[in-house]
Amino acid sequence: MVIVNTDYISGKEFEMLGMVKGSTIQSKNLGHDIGQGFKTLVGGELKSYTEMMNDARALATRRMAEEAENLGADAIVNVRFASASVMAGAAEVMAYGTAVKFV
């Protein structure tokens, strides 16, 4: 599966199949929340949350690709990510784009 954030793929013509998306809501356990809360007092990267968000983006992308495969797509173009806090310590990540089939 080709996944790009442009609206074209060099050398390929395709027909659009429709929008596809994948999402997940992730959180860390209370211990991580407390530890990362202390980290905000001194500054620096919140590595536990960086890892959580990287994992969430990977899972959302995988789910988006599965939805595209179910449509018979060869690629997904114009891919974007969105995230939102749904409660303290939990975030939703969504990946979305346009599923296409090569002609």
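1. Ile3 has Ile76, a residue of β3, as its bridge partner. Strands here are DSSP runs of E with at least two residues, and helices are runs of H or I with at least four, numbered from the N terminus. The model is predicted, so local features need pLDDT of at least 70 and side-chain atom pairs pLDDT 80 or more, while totals for chains, interfaces and linings use all residues. Residues are numbered from 1 along each chain as its sequence is written, and side-chain values use heavy atoms, without hydrogens and water.

2. β1 and β3 (residues 75–87) run parallel and are joined by two bridges; pairing requires that DSSP find at least two bridges between the strands. The open sheet has four strands, ordered β1-β3-β4-β2, with mixed pairing. Because β1 (2–3) and β2 (14–27) are edge strands with a single partner each, one side of each has no neighbour in the sheet.

3. Helix α2 (residues 47–70) packs on this sheet and touches β1, β2, β3 and β4 (90–102). Contact means heavy atoms within 4.5 Å.

4. Met64 lies in helix α2. Met64 counts as buried because its relative accessibility is 0%; the cut-off for buried is under 20% relative accessible area, with a 1.4 Å probe and protein chains only. Beyond residues up to four places away in sequence, the contacts of Met64 include Ile3, Val20 and Ile76.

5. The largest nonpolar core has 15 residues, and Met64 and Ile76 are among those with the most contacts inside it. Such a core is a set of buried Ala, Val, Leu, Ile, Met, Phe, Trp, Tyr and Cys residues joined through side-chain atoms within 4.5 Å. Helix α2 gives the most to this core, with seven residues.

Methods. Axes are lines fitted to C-alpha atoms, for helices over the stretch in contact, and angles run from 0 to 180 degrees between N-to-C directions. Buried means under 20% relative accessible area, exposed over 50%, partly exposed in between (1.4 Å probe, protein chains only).
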